[in-house]
Every structure is written in C-alpha cells, then in structure tokens.
Amino acid sequence: MDTIQIRTIVTGTLLCIAAALYWGAVLSLKLPLLGRFFDRKPFNCRPCLTFHLAWMLTGVFALIGRSLPLFGIGVGIAFIVFFIVKYIDSKKVTK
C-alpha cells in the first residue's frame with residue numbers, strides 16, 4: 001500500500017509541476033493582453049507565475065490528500081522550478 005501511495009504522490013506532484021510550467025508560459029503572455037490589472041507581476045512574469053501556479057497546484061493536491069509534508073515538498077520544488085525558469089529566461093536574447 002505504501003508503494004501505491006508514494007507513486008501517486010510523485011506522479012501528482014510531477015503533473016502539477018508540468019501543468020504549472022505550461023500554464024506559466026502561456027498565461028504570462030496572454031493575461032497582460034486582457035487588461036491593465038494583469039499587466040504586472042506575477043501575471044506578466046513567467047518565473048513568478050510558474051512559481052505561484054506550482055505551489056498552488058501542489059497545495060490543492062496536498063489538501064486533497066491531507067498531507068502537510070507533500071505541501072512542504074511542493075513548495076520546495078516550486079522554488080527550484082522558479083530558479084530554473086528564471087535562469088532560462090535570463091539567458092534568452094530578446095530583440
């Protein structure tokens with residue numbers, strides 16, 4: 001039973017992070033076009049929006065699973081993803 005629970009937690013966390021990466025890239029470009037309210041951080045900043053989506057999605061997943069350690073791990077992974085996305089964005093050349 002522990003193996004199934006661990007696999008579910010790992011799979012759910014990875015799906016949450018993948019969704020946050022996708023929606024962070026898409027929404028950071030689309031939301032500022034909707035109005036002035038969304039034309040500020042964290043809505044127009046890809047790393048910021050990805051971070052907030054990641055911790056919120058893992059938070060929802062942890063709330064459903066009633067697991068505080070999962071929430072802590074999710075926030076830690078969200079910080080790691082934030083720094084990776086920020087590093088990737090800093091290396092982009094924009095014209």
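Helix 1, made up of the 33 residues 2-34, should span 48 Å at 1.5 Å a residue, and its end C-alpha atoms lie 46 Å apart, so the two values agree. The model described here is predicted. Despite that agreement in length, helix 1 bends by about 40° at Leu27.

The overall layout comes next. The chain has 3 helices and 0 strands, and its pattern along the sequence is α-α-α. Its C-alpha trace spans about 55 × 30 × 15 Å along the principal axes. Among contacts between residues at least 6 apart in sequence, 57% join residues at least 24 apart. The accessible surface of the chain is about 7,000 Å², and carbon and sulfur atoms account for 72% of this surface. Of the 95 residues, 28% count as buried.

Which residues of helix 1 are buried? They are Gly12, Thr13, Cys16, Ile17, Ala20, Gly24, Ser28, Leu31 and Pro32. An α-helix has 3.6 residues a turn, so residues three or four places apart point the same way. In this model, the buried residues of helix 1 pack against helix 2, residues 46-65, and helix 3, residues 68-90.

The largest nonpolar core has 12 residues. Ile17 and Ala20 belong to this core, together with Cys45, Cys48, Leu49, Phe51, Leu53, Ala54, Ala78, Val81, Phe82 and Val85. Each of helix 1, helix 2 and helix 3 supplies at least two residues of the core. Helix 2 gives the largest share, 5 residues.

Two residues show how the parts meet. Leaving aside neighbours within four places in sequence, Leu49 is in contact with Trp23, Gly24, Leu27, Ser28, Pro42 and Phe43.

Why is Ile77 classed as partly exposed? Its relative accessible area is 28%, and partly exposed covers values between the limit for buried, under 20%, and the limit for exposed, over 50%. The C-alpha atoms of Ile77 and Lys41, 36 residues apart along the chain, are separated by 21 Å.

Conventions: Residues numbered from 1 in each chain as written. Predicted model: local features only at pLDDT ≥ 70, side-chain atom pairs only at ≥ 80, totals over all residues. Heavy atoms only, no water. Helix = DSSP H or I, 4+ residues; strand = E, 2+ residues; numbered from the N terminus. Expected span 1.5 Å × (residues − 1). Bend = angle between axes of the 7 residues up to and from the residue. Buried < 20%, exposed > 50% of the residue type's maximum accessible area, 1.4 Å probe, protein only. Contact = heavy atoms within 4.5 Å. Areas by Shrake-Rupley, 256 points an atom, 1.4 Å probe, with all protein chains shown as cover. Core = buried A, V, L, I, M, F, W, Y, C linked by side-chain atoms within 4.5 Å.
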